[in-house]
Amino acid sequence: MTTGNPRLLPADSGIAEAASVLRTGGLVAFPTETVYGLGANALDARAAARIFEAKARPSFDPLITHLADGAELEKLVGTVPAAVAALAERFWPGPLTLIVDRPAAIPPIVTSGLATMAVRVPDNEHARALIAEAGVPVAAPSANRFGQLSPTRAEHVVWGLGAAVDVVLDGGPTRCGIESTIVDARGERPVVLRLGALPVEALEEAAGPVTVRPGSSGQPVAPGTLTAHYAPRTPLRLAPGGAPPAADGVRRGYLAFRARPVGDWAAVEVLSAAGELTEAAARLFDALHGLDAAGVDEILVEPVPEAGVGRAINDRLRRAAATWHPAG
């Protein structure tokens with residue numbers, strides 16, 4: 001954690017000040033519908049480098065470029081494949097990130113040297129107003145230390161990054177709670193590079209069958225696709241629901257889907273008492289932040305049904321568990 005605090009501004013009245021910070025090379029954390037992003041001017045290589053420094057993010061992990069409006073896509077990158085344009089028309093603004101060819105205006109640091117660029121239009125009025133007011137595309141990964149839990153509230157950003165950020169726009173809790181779905185639609189069949197808040201079923205309804213590619217343990221082809229990622233500081237492992245904690249003196253927390261497990265757990269978070277996957281996704285990182293701060297020795301997590309946005313929730317849980325229990 002970086003000592004000190006950034007300027008914390010209300011999202012409904014701090015847009016002009018935050019946009020000025022972006023235009024002059026600063027870092028602004030801002031709410032989107034998915035998680036809070038850590039933004040910098042995507043046309044400024046030095047500003048983008050500050051993102052990697054603030055997050056302690058490896059230079060090989062590319063960033064997502066955010067636009068204020070879908071009409072800006074072809075202005076920035078030129079003509080895109082018809083399938084890419086169709087998905088943008090259907091799902092923007094929204095939690096869909098598309099892969100396009102990197103334009104010359106975007107410095108290679110933003111894409112980690114890749115010839116492609118990840119881009120989206122967020123479905124959050126404050127985010128779009130900030131980007132429009134800044135007058136530049138905004139590179140923005142999640143506003144957290146690399147590999148750790150994504151922030152869904154402004155206080156998560158302040159606690160995790162501190163004065164490494166110049167300004168935090170506080171827009172309250174994010175609506176979706178998990179990151180965008182990343183799709184490469186430049187080929188014959190769309191490829192899902194990262195599961196996210198837009199369910200695969202919605203993509204297939206719009207574009208036909210898609211291929212889902214697993215995460216990478218090496219050079220990522222898109223942001224947020226490393227096998228081990230999204231982890232709390234507390235060791236975490238997957239576990240079935242209902243099993244009582246072992247009587248071994250270890251203080252364990254439990255992340256449940258819809259019902260509190262039996263047994264005397266040190267801390268418990270329930271994602272959705274109603275069993276609603278959208279509510280579970282919205283609460284996922286906030287609940288994990290709560291368990292991480294509870295002073296437990298270990299967190300056990302219960303997978304959710306593998307359907308709709310539940311696939312993305314389980315994807316995040318598996319990546320978090322892989323951080324503490326690597327294969328081999």
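Q: Which loop holds Ser-112, and is Ser-112 buried or exposed?
A: In this predicted model, Ser-112 sits in the loop between S5 and strand S6 (116-120). The cut-off for buried is under 20% relative accessible area. Ser-112 comes in at 16% relative accessibility, so the label is buried.

Q: What is the phi of Ser-112, a residue that is not a glycine?
A: Ser-112 is not a glycine, yet its phi is positive. The value is about 55°.

Q: Which residues does a cis peptide bond join?
A: Head for the loop between helix H4 (82-91) and strand S5 (96-101), where you'll find Pro-93. Omega is about -5° at the cis bond, and the pair it joins is Trp-92 and Pro-93.

Q: How many helices and strands are there in the chain, and why does the chain count as compact as a globular protein of its length?
A: The chain has 9 helices and 15 strands. For 328 residues the globule rule gives 20 Å, and the chain is close to that, so it is as compact as a globular protein of that length: its radius of gyration is 19 Å.

Q: What share of the residues of the chain counts as buried?
A: The chain exposes about 12900 Å², with carbon and sulfur atoms supplying 52% of that. Of its 328 residues, the buried share is 55%.

Note on methods
Residues are numbered from 1 along each chain as its sequence is written. This is a predicted model: local features need pLDDT of at least 70, side-chain atom pairs count only at pLDDT 80 or more; totals for chains, interfaces and linings use all residues. Side-chain values use heavy atoms; hydrogens and water are left out. Helices (H or I, at least four residues) and strands (E, at least two) are DSSP runs, numbered from the N terminus. The radius of gyration is taken over C-alpha atoms; the globule rule is 2.2 Å times the number of residues to the power 0.38. Buried means under 20% relative accessible area, exposed over 50%, partly exposed in between (1.4 Å probe, protein chains only). Accessible areas come from the Shrake-Rupley method with a 1.4 Å probe; for residues, only the protein chains shown count as cover.
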